[in-house]
Amino acid sequence: MARFCFGYPFIMSWYWIAGSLLYWFIRERHRSVYTSPPKLRFTPLVSVLLPCFNEEKQLRETMAVLMDSNYPNYEVIAINDGSSDNTGKILEDLVDQYPKLRIAHLVENQGKSTALNAGLFMARGDYLVCIDGDALLDPHAIDWLVFRFLTNRRLGGISGNPRIRNRSSLLGKLQVGEFSSIVGMIKRTQSLYGTLFTVSGVVCAFRKVAVMEAGLWSPEAMTDDVDLTLRIQAKKWAVGFEPHALCWILMPETFAGLWKQRVRWSEGGSQAMINATKNIFLSRPLASSLLLLWSNFFISTIWAFSIVIWFTTLNVTQFLNGGALTIYQNFLPDWWGIILGSTYLLQSFIGLMLDRQYEKRLLRSFAWIIWYPLVYWCVQTCSCVVGFTRALFRPADMKGTWVSPDRGIR
């Protein structure tokens, strides 16, 4: 068990390193900078869906930045998902200020998926861009997303590139490194090999027809982005990653918020993959690309349970033999600890270099990354065990509603 526990993250790190470097060499190396998107032969109407629930503090800023987009032909559909604060009133005020804006009010909070479905039925465009109510979309992002759709007719969904904007706390600084050295590298690797586990729900785009063929967003999904991504790919649509489509987002600034967020992510991802299992194995021909994602997901879940079982067994055995319980003693074998630590630092450095084109001072985050493995692996492992267990016993008809999910706020 020990070899599996420490061998799996080592192998996956090199998998991500190789995949992201290959992605850069093939697809990114000769591209123009993100501030100079390609000239489009035509500019189809794009509908930007903005689900809002209690976003009165960030909404005006989000809308002002969104309305400053360089793309010439778009509409914004804001859906007030039964907010209990002044979100609805603010949206009503903004309608007079921004001619591109249309709004819908839901009587009660029904979850992000229901809000997005309401926006889809109002949308006049064939392409949908979805962002959160507290996110700041880069002015060039829509251009890059539309460019990808126009150059690949099989593309049904695109993940944008979320960037952290709240960095005043230690957790904020740590997550800057995470989104470059883990999230960005995973998406590059998966996109290169043909499938994505999930688009980034905070900034993503879809062909309307692909969403409709997949059955719309599911109100029962805890993580609408994972669920829809898998179902779109099951319908033989491709899903890709566009690193130049930037969006600046808020993330948890407390460990409690981080824990709530990661448990929700894990529970929703587990729920979506369990639901997708039948479609993967009963499809004819077998959905081999999704089978790779399925295998990796369940191996990583087995790994998380193995870590918890191994660590618990180690400490219980030590306690029964008269020793004291300890978190750190023998947590990593000496030589494996050095190898894993060095591999992760190399992975982080490469990830930061790949994303340095978007933030010139990004390498300053490298000083904080040495602390991130302890936070990431501990939180990720425990949240995976808790989230997967919850997904197994979650009622099938339970709606996926929450409050400020990306920041873990209740």
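## Salt bridges

The structure holds 13 salt bridges, where a salt bridge is a side-chain nitrogen of Lys or Arg within 4 Å of a carboxyl oxygen of Asp or Glu. Side chains of opposite charge can pair when their charged atoms come close. Before we meet some of these pairs, keep in mind that this is a predicted model: local features need pLDDT of at least 70 and side-chain atom pairs count only at pLDDT 80 or more, while totals for chains, interfaces and linings use all residues. Residues are numbered from 1 along each chain as its sequence is written, and side-chain values use heavy atoms, with hydrogens and water left out.

Let's start with Arg188, which forms a salt bridge with Glu28; their closest N and O atoms are 2.7 Å apart. This pair links distant parts of the chain, since Arg188 sits in helix H6 (residues 170–193) and Glu28 in helix H1, 160 residues apart. Helices here are DSSP runs of H or I with at least four residues, strands are runs of E with at least two, and both are numbered from the N terminus. Arg188 and Glu28 are both buried, and buried means under 20% relative accessible area, against over 50% for exposed and in between for partly exposed (1.4 Å probe, protein chains only).

Next comes Asp355, in a salt bridge with Arg163, with 2.8 Å between the closest N and O atoms. Because Asp355 lies in helix H11 (residues 334–355) and Arg163 in strand E6 (residues 155–164), the pair ties together parts that are 192 residues apart in sequence. Asp355 counts as buried at 0% relative accessibility, and Arg163 does too at 2%. Salt bridges that share partners join Glu28, Arg163, Arg188, Asp355 and Glu359 into one network.

Is Phe179 buried or exposed? With a relative accessible area of 7%, Phe179 is buried. This residue lies in helix H6. Not counting residues up to four places away in sequence, Phe179 touches Pro162, Ile164, Gly184, Ile249, Met251 and Asp355; contact means heavy atoms within 4.5 Å.

Ser13 lies in helix H1 (residues 2–28) and is buried, with a relative accessible area of 5%. Leaving aside neighbours within four places in sequence, Ser13 is in contact with Thr343 and Gln347.

## The nonpolar cores

A nonpolar core is a set of buried Ala, Val, Leu, Ile, Met, Phe, Trp, Tyr and Cys residues joined through side-chain atoms within 4.5 Å. The largest one has 44 residues, and Val46, Met63 and Leu101 have the most contacts inside it. Helix H5 gives the most to this core, with six residues. Beyond four places in sequence, the contacts of Met63 include Leu50, Val76, Leu91 and Leu101. A second, separate core of 23 residues includes Ile79, Leu216, Trp217 and Trp237.
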